[in-house]
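This report describes one protein model for a reader who is new to structural analysis. Please keep the sequence and the structure in view while reading.

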Amino acid sequence: SERGPAIGADGDRRWRPSTFREGLPSRPPMGRSLRDRLELDDGDRSASLYAGVLLSATGLLAWVTGQPFVFPSLGPTAFDLATGAEADATDRDVARRVVGGHLVGALSGFAAHSLLAPGETVATVASPAAPLQLALVASGVLAVVCTSAGMFATDTVHPPACATTLIVGLGLLSRPLDVGIIAAAVVLLVGVHTVLRRGRRR
């Protein structure tokens, strides 16, 4: 959808989430004071809290079950939904792109990891030129390539899914159960968003 800077009554251009205020520029304007940059208007605060509400649903499930229903790529998805990146799309299209994108990412990562680095997990520190690290790097690269191609082919483009595929492809959440948990967490996140979005329309 078309995005542009929101312009206040005083002519000030600010970064404002379009779910709560029209317009979403690609980056905050330069040349403003640090104090001005740190001030949040109502739209900023609402979007920030909304993203937290979405993530709280999967966080509560993770706490109750002890399973990883919270993982890094859910954060960008919650932010996208909160700031209106899918504001012009129908609920069905949002679900198709977001859930479909993460599912493509999880499956691509699982396939790449199973093929190139089964049983391995990326380490924080590794020996230089370690063969196992090379296998994991290759798995991550293949996972991103397959995810990108898969999202284009299925019209489920959702950039945070490329983070999901790395989480799986690098062995951090690489069990079949983990793929199911990822899918369930995304479905829950989108489901909560859909309910809240419909409530705001009334």
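The accessible areas come from the Shrake-Rupley method with a 1.4 Å probe, and for residues only the protein chains shown count as cover. Asp-155 is placed in the loop between helix 5 and helix 6. Helices (H or I, at least four residues) and strands (E, at least two) are DSSP runs, numbered from the N terminus. Although Asp-155 is not a glycine, its phi is positive, about 55 degrees. Most residues other than glycine have a negative phi.

Ala-129 is a further residue of this kind: its phi is near 55 degrees, a positive value in a residue other than glycine. Ala-129 belongs to the loop between helix 4 and helix 5. With a relative accessible area of 81%, Ala-129 is exposed.

## Basis and confidence of the model

This is a predicted model, in which local features need pLDDT of at least 70 and side-chain atom pairs count only at pLDDT 80 or more, while totals for chains, interfaces and linings use all residues. Residues are numbered from 1 along each chain as its sequence is written, and side-chain values use heavy atoms, with hydrogens and water left out.

The term pLDDT denotes the predictor's confidence in each residue, from 0 to 100. The protein chain has a mean pLDDT of 84, and 76% of its residues reach 70 or more. A contact means heavy atoms within 4.5 Å. Where pLDDT is low, the predicted coordinates should not be read in detail.

## Salt bridges

How many salt bridges does the structure hold? It holds 5, where a salt bridge is a side-chain nitrogen of Lys or Arg within 4 Å of a carboxyl oxygen of Asp or Glu. In one of them, Asp-91 pairs with Arg-197, and the closest N and O atoms are 2.9 Å apart. Asp-91 lies in helix 4 and Arg-197 in helix 7 (residues 176-201), so this pair ties together parts that are 106 residues apart in sequence. Asp-91 is buried, with a relative accessible area of 13%, and Arg-197 is buried as well, with 8%.

Asp-91 also forms a salt bridge with Arg-198, with 2.9 Å between the closest N and O atoms. Because Arg-198 lies in helix 7 and Asp-91 in helix 4, the pair ties together parts that are 107 residues apart in sequence. Arg-198 is partly exposed, with a relative accessible area of 45%. Another salt bridge joins Arg-175 to Asp-178, whose closest N and O atoms are 2.7 Å apart. Arg-175 counts as partly exposed at 42% relative accessibility, whereas Asp-178 is buried at 4%.

Is Gly-105 buried or exposed? At 0% relative accessibility, Gly-105 counts as buried. Gly-105 lies in helix 4 (residues 91-116). Leaving aside neighbours within four places in sequence, Gly-105 is in contact with Thr-147, Ala-161, Thr-164 and Thr-165. The C-alpha atoms of Gly-105 and Thr-164 are separated by 5.8 Å, although the two residues are 59 residues apart along the chain.

In helix 3 (residues 74-82), the residues Leu-74, Thr-77, Ala-78, Leu-81 and Ala-82 are buried. Seen down the axis of helix 3, its buried residues fall within an arc of 130 degrees, so they line one face of the helix; the arc is that of the directions from the helix axis to the C-beta atoms. An α-helix has 3.6 residues a turn, so residues three or four places apart point the same way. Gly-84 follows helix 3 and has a positive phi, near 80 degrees.

Leu-134 is found in helix 5 (residues 131-154) and counts as exposed at 61% relative accessibility. Together, Leu-134, Val-137, Val-141 and Val-145 make a nonpolar surface patch of about 380 Å². Patches are made of residues with over 30% relative accessible area and no salt bridge: like charges are joined within 9 Å, and nonpolar side chains (Val, Leu, Ile, Met, Phe, Trp, Tyr) within 5 Å.

Notes:
Buried < 20%, exposed > 50% of the residue type's maximum accessible area, 1.4 Å probe, protein only.
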